Structures are given as C-alpha cells and as structure tokens.
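Biologist: I would like to learn how to read strands, packing and contacts in a model of this kind. Please take one feature at a time.

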Amino acid sequence: MPFIPHTDEDEREMLAAIGAPDIEALFDEIPANLRLQTLQDVPAGLSEFEVLQLMAARARADGRPLCFIGAGAYEHHIPAAVWSTISRGEFYSAYTPYQAEASQGTLQSIYEYQSMMASLTGMQVSNASLYDGATAVAEACLMAVRANRRSKAARILLPQSLHPHYRAVTLTTALNQGLMFDTLPYTREGGQLSFEALSAHDGQDFTALVIQQPNFFGVIEEVDALTDWAHAREALVIAVVNPTSLALLKPPGEWGAKGADIVVGEGQPLGCPLSSGGPYFGFMTTRMQHVRQMPGRIVGGTVDVDGRPGFSLTLQAREQHIRRAKATSNICTNQGLLMMAGTLYLALMGAEGLERVAASSMQHTEELVHALTAISGVRRVFARPVFHEAVLALDRPVAPVLSALAQRGIQGGLDLAGYYPELGPALLVCATETKSSADIQAYASALSEALRPARAA
Amino acid sequence: MALPLREKLIFEYSRPGRGARGQWPPLATSAAADVLPEQLRRRRRPLLPEVSELDALRHYTRLSQLNFSIDTHFYPLGSCTMKYNPRACNAAALLPEFLGRHPLAPIEHGQGFLACLYELQEMLKAVTGMRGVALSPLAGAHGEFAGVAMIRAYHRAHGDLARDEIIVPQAAHGTNPATATMCGCVAREVAVGADGDVDLEALRAAVGPKTAGIMLTNPSTLGVFERRIEQVAGIVHQAGGLLYYDGANLNAILGKVRPGDMGFDVIHMNLHKTFSTPHGGGGPGAGAVGVSARLLPFLPLPIVAREAEPPIYRWLGERELPQSIGRLTTFGGNAGVLLRAYVYMRMLGREGMRRVGEYATLNANYLSARLQQIGFEAAYPQRRASHEFILTLRRIEQERGVTAMDVAKRLLDLGFHAPTTYFPLLISECLLIEPTETESKQTLDAFVSAMAQILREAQEDPEQLHGAPHQLPVRRLDDVRAARELNLAYQGTAA
C-alpha cells in the first residue's frame, strides 16, 4: 500500500484495541446514503517507476526553449547550494514554526530574511512573505487603507503601467471590501507615469499612490517626484519593485524627501525557478509605525526563561488564528520555503553579486534591443531608460511571429496585444545574465527570418 | 538526542570582501547600467552578508538541525495533516523542463505540463464530487477567499444584493471568519451542540434573507463527522444561502464520502495536507477550489481546458469565463505544488485514495482508544474519532496545575512534535491530535508511552512539566518581550 505502513497484524491489533470489527465500522456515523462506493473516474495507481517515466515524457514534450520572456518572472542563475540546502527534510517537511522551541532554524532564517529585505528596500521591518507579487500589491492596498487615517476615501491610484496581472488581482481582492481605484495613464513617448494626468487628482482625497519601479514596460520612473507629490497630498506611497533592480536603483525607503511607506514585490528573481508561475513568494516591508497594520507572519528576537536569545512569531494579535474576523488578513500558510530560497540566494550573492546580476542583465537587454532593432520592421517604443526589459514594436501582428519563433525553440517575448492594444503590434522582451551573446544572436537571426517572407511577398 | 545549541546570525560570519564569487556572473563588460539617471541610483549598499559558499551552507545546515520536521519527527498536529511527503513527487516537480518553464510560455511549450494540470483538475473533481475545479489559489485561506467571493458573485448575479452574512460554527478555523471579512461579509457564529454537531435550532434561527452562506468543515474541527449534514444543507439552501466546505479535514473522508454528495456548493482543498505536498516550514501550499454546477461560471482564472483530438490543452481566461470572480494570482498558481500533488494522486490511484481515508481514521481511533485507556479524557468519548480527536486536560489542570501547554512542551523533549493546542477554542485545555495514515502502529505506541510518562510526571513531578522543554535549543520564550521590545531585523554591529 503506497505510503501506508500497516501490516495485517498491526491492523488486527489496532481494531481489537478500538473494539471495532473492521475499518468500515469506523465510518458508521456517516449516513449510509452518502457513502461512496467507488472512485471510478480516478485511474488505478502507478508504481514510482511508472509515474516518473510518465513525468519525464511529459517534461520532454515541453522541451527547454530559449526564453526571452520576463513580464514578472525572470530566469536568473540559481546557485546549486540554494536548493540543495532548502531541500533538506528539516526545512522542506517542517510545519509553520508555531512551536518556537522546535523551530529555531526556520525562525532564525525568517529573521535573517526580514533583515535582508528591510535593508534591500531601505525600510525598517519586513514580514515573513506573502503569496506572490500580485497578492502583495493587493494586501498593500488594503493595508494602506488601515494605515492612512487621514484619508477617508479608500481610494487608490493605480498606474496603467503596473503589471496587468497585479492590477487584476488587486481588483479581485479589494473590490469586495469597497476600495475604489483610479487608473493613471503612461506617456506614449517615455512609457513613464504622466505627471499631467496626476494633476487631475489634485485636491481629491485618496489613500495611496502605487508606483512600480521599473514599471511593467521595464521603464524607470521618476520616483522621487512621484513620492513627494503623493506625500504632499497626505497619501501613502506603495512601492512595487523588482528586488534585483535594487542592487542598482535607489531603495524605496529613500524615494523623495520621506521615502515610500509600504514596499512590495515579487521575490521570484531571488532564487526561485520559473516553474510555470510558482511557487514564488511575495515580499512586503514597511516603516515601524505601520507594523501593526502589516499582514502575514513576523518573527522577532527575544529570550527564553533562562535569558538565552531565541526567536518566535510575534505581533500575532494581527493574525487570523487570534483575531479571527478582525484580523489584518486571512493569510495563514504563505511561501515559507521560497522565502528560504530567497534568503540563501541573498546570502550567497551579497550586495556585490546582486549588483553583478543586475548590471549583467541590463547589458544583455541592451545587446538584445540593439540586435533586434537592427532588423527592419522592429523599433523601440519608449525612449526612457529601462532596467532589463523593453517594449519593441513590429510592423505586423505579433502572434504569428511569436509562433514562428516558438517553432524554432525560441520564446521571443510577451505579446502586448491583449494588454495594451493602444500600442499596436508590440512585444515585451527581456534578457537576464543567463543569456549569452550567442543566444541573443540566435534570437536575432530567427526573428529576421520570421519577418522576411512577408517583406518578400 | 540533544539538538545543537545556538547558531549565530549569518551576518556575524560576514567579512568585508568575502563572497561566493564562483556563483556570481562575470562583471558586466559594458556601461549599460550608466543609462540609469544619477539621482535614481542606489548610493549605499544594502546590509547583506559577505560570506563564502561554505559559510552559508554550513550556517543554514546547522539552522536546519534546530528544526523538527516530518522527516525527523512524528507530528500529531490536529487539522494540519502532517503526513509523509513522498520523494517521487519532489523528483518529478524538479525535472529541469518543468523548473525552467516560463509561466507565460506559449502553450506549444507546455502541453506536458498542462496535461498534468488538466488531469489533476479531473481527479480532484472525482474525489470531491464537484463539477468544476480551479487550481490557482495559493493556499487554503486563498481558496477560502475564492470560495466566498464566488458565493458573493453568485448572489450578485441573481440581483440578491443583501446577502452579506457568512455563518460559521463556533469551532471554525480562524481563517473562516477572517475570510468572510476579506470578502466584505459579516461572520456570524452558530452554536455547536453537546454531541459536537451543529445545533440545528440555532442554525434555523440564524439563517434568513441576509445569509450568503455557511462555512463548514466536515468532519469538523472537533474531530467528528457532522451527521445531520443533509439537514444543514437543506436549511441553508432553503434560506437561499450556499454551503462552503473547508477542505482542511478532507483526509478523513478521502474515497469514503464526497462533499459534493453532502450538498456543498463550493470547496477548497489544501493540497499540502490531503495530497501530501510539503509544508516547507510555512508554505508553499495550494488551495484548489471545486464548485457545484451553479457556481461554474464564477471560478477564478485561469483554468486548464482540453480540446480537440488528439488533445490540445490551453488556459481559459476572461473571454471564456466572463462571469469569473477574476484573477487571484500573478500566474496560474503554485505549479510546482500542483505537480507534486498530481504525482501523489497518480501513485495512489483510486484504491490508494480510499485507503488514505481508511487508515487515517484507523490510526486516529486507535490512538484515541489507547490514550483513553491510559487515563486521558476524550472531549467526545461517545463519538467515533474521524482522522483526529480532542483530549481535554481540564481535570489534570484542576488537580495538578498541568496545562495543555505543559504537555505540548514536554512532548517536544520526548521527541514528538506537539499536537495542536487550545484549538478549537470551545474545549478547555485541549489537545487536537491527528496522526495521519503514514504513521505506523509502532510510532503511535511510542507516542502513547510518552504520554503515559507525562501523566506520571503530572502526578509525581509537575515542575518537570511546567519547565519543559528542557532538551531543546531554547526553553520557553518570552513572547511578551518579543511583542513589546520589537526586534525584527538585524541592525548591524554597533559602530
């Protein structure tokens, strides 16, 4: 029996101790008409060998194409030590560290993670992770409404250039609680937030301004001026950042005169494989004054009865298992193991290694953009500096071009037609430190070939 | 076995100029980063460790040794289903093609992956008796959010705008009322009778034109099967409300009875409980949701569809499901967790799944019987245990001053993770114990011996229990100090 250790003799002895004739008798409180006879729609079981063969065949069918898609999930090298360490059963198969004395390894790791993330973002406190980047933005909006007591409006300004899936998740999550959202347009020249459009909100009561840096197009925003503008209107600033970029870019804690108030983002670039979208981890940091409004688990340092230092989950009065209906969020299980991956990744990279990853990614993206825009019919859309992603325009619909590239084992980027139809045929491309010059050349020649037949026609 | 004592912080290993350089990419050879405007660049480096690969590896390996885990210890943790995490599931999810696949990759580079997800949806429908399944919610509470949001969307679509009350039994998980609030609803508690079943009179009095639905766990958090579930369903449906099934306890009934057949309209499943994906020290989980026919149009996005023959698998989005509650996750869900659950279900097959429910229940009833034989008091001795059961220590607490917390902490000394304590809230000094089907009789017997020793110590040497644990890296921690003098991040060595 897979994963069930009972021998016939064990079973007999156990039933005798219970005083039941057979296992079926243990279900005698379930009304007979509800009892299930068979599970005919579930296939029969497979041996480990059979299932691993099946999975290997399915994996092979997906292949290992050359990936130039970013859009919120980035292919970075993950040091081998990251997953060999967190795959240890003591991390992999541990429970949430509610029993602090038996969980000091996980608790101390979370404390170290919190320290690293607070410093990376320039803030004072971090939680122990949220689900992913999108849910972190949604939680930040809900938190801002609790934290900004000066605003009565429960109204948030969301840029159109925020990751469209973050926008969608934020709406799904927060509309049920009566939050309102206004959309801020981007400029067609630079791709950054339009200051002119902001002025429409002068004199309006709003809770917070969301700023994504770099934004969905990869474009660098004027975060100082935006932050000061929001603060002058007594709104909070929610920064949405790519953690890798913070090796080079000003941390949100230093934006403008006072710094952002809540910082969130997708932790995936820090040691999490692409893995079709998860598991990743969302991160959230803030100022000490807002810590009691923060959702999710938080670890604190303390001492035991003998005065020895140790760690435990703290400020639990914010959480669902204590406060129930009055909790800051319903979040319980989060992304512990992925947060561990992030911690290992940051420990191995350090500030200098992370700078190298960021700078190398910028270099490869520049090379990629240069190589692709050299092809006739391809041009760059936005003039502003970008981090490691850029929007390119094609002279024809993108989808068939991407299909042709896919046939050659190249994932050429994300088609923006479904998200930003106003841009015309446009493509979001990305190259991290994992893309060599040969990879970039392979993409360029495949693209130039894909674009050729139509021109000949 | 004594665990190692304190391990210093990773920051304390740091030396300026050290680094895991072999793991870093080469220095950039162009000045691409110079395009960043000067005033938007970082001026001071973040406080990250400067350590060698060996420093980091040794540090985190030592930290791991301070943990309990399934791989090292028995976790009789009620309502958490801490069963063995089979390694084949991990091996399959870590295949390089799966790990390297971008979430927005074209579907022609994902037919293998999507086939697994589609078949997982189908198997989950079959074992729960629901009509549709969405896999995207990232944890149990996230699935709860999806479920209640669907209930709200259903009522809204019927022009039924006043329904904003969610009924929860007294013994519900904390996430249930918290979820009701997250969805803009009001949680309303309903009493549980002395036999552990919902008080039907109280329920009849609670439902009405404001009832959006009821959230139930069955078997309940009291470790007993709600016998009058069909009447409960009738009362709620008649009042116009829907029934939400909290799948935290699905392990108890896997292959034996299905929530869909009990009358539930929506269910979340904790794949990290019932379907054996690892808890990872607090996640990742996966909280797939299943629905009855009337909620099909409202499922969260995206969902995997199978079309044509030979089959082509693709994602369904807003266009195909215009009434959906929308997107809940950046991408399609915790794919790596879903693959692990898929492998687990394929290995078990239909027979293996029945055995999960059967042996989880056998283990719980055996442990309950043995612990009562040695003198512990069950909260519901007249009832069958489901896959878990509750002991109450109110007598020992009154007579010897020994609390549930004392017993829990002493168990840690004796090499067992503590059961769930002080939950559910309505039983005083309680331990909620769930052994799961993957533990052998011999492990359960060893646990009974440890509990017998604790019972003896309660009579002879209660101080031993008040002071526990004695054998772990730390003893009981000062939680008040942790919350009062907040120390949430390393500040660097004092200058």
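Biologist: Which residue stands opposite E165(B) in β4(B)?
Modeller: T211(B) stands opposite E165(B). Strands here are DSSP runs of E of at least two residues, helices are runs of H or I of at least four, and both are numbered from the N terminus. Three bridges join β2 (residues 165-169) of chain B to β4 (residues 211-216) of chain B, and the two run parallel. Two strands pair if DSSP finds at least two bridges between them.

Biologist: What should I keep in mind about the model and its numbering?
Modeller: The model is predicted: local features need pLDDT of at least 70 and side-chain atom pairs count only at pLDDT 80 or more, while totals for chains, interfaces and linings use all residues. Residues are numbered from 1 along each chain as its sequence is written, and chains are lettered from A and ligands numbered from 1 in the order in which they are written.

Biologist: In what order do the seven strands of the open sheet in chain B come?
Modeller: The order is β1-β7-β6-β5-β4-β2-β3, with mixed pairing. β1 (132-134) and β3 (186-190) of chain B have a single partner strand each, so one side of each lacks a neighbour in the sheet. On average, neighbouring strands of this sheet are turned by 25° against each other, direction ignored. Axes for such angles are lines fitted to C-alpha atoms, for helices over the stretch in contact, and angles run from 0 to 180 degrees between N-to-C directions.

Biologist: Why does V232(B) count as buried?
Modeller: A residue is buried if 20 or more other C-beta atoms lie within 10 Å of its own, exposed if 12 or fewer, and partly exposed in between, with C-beta atoms placed from the backbone. V232(B) has 24 C-beta neighbours inside 10 Å, so it counts as buried. V232(B) is in helix α8 (residues 229-238) of chain B. Leaving out residues up to four places away in sequence, V232(B) touches V198(B), L203(B) and E226(B). Of the 495 residues of chain B, 60% count as buried.

Biologist: How many residues of chain B are in contact with chain A?
Modeller: 174 residues of chain B are in contact with 166 residues of chain A. Helix α10 (residues 335-373) of chain B gives the largest share of the chain B side, 22 residues. By class, that side has 90 nonpolar, 48 polar and 36 charged residues. Nonpolar covers Ala, Val, Leu, Ile, Met, Phe, Trp, Tyr, Cys and Pro, charged covers Asp, Glu, Lys and Arg, and the others, Gly among them, are polar.

Notes. Contact = placed C-beta atoms within 7 Å.
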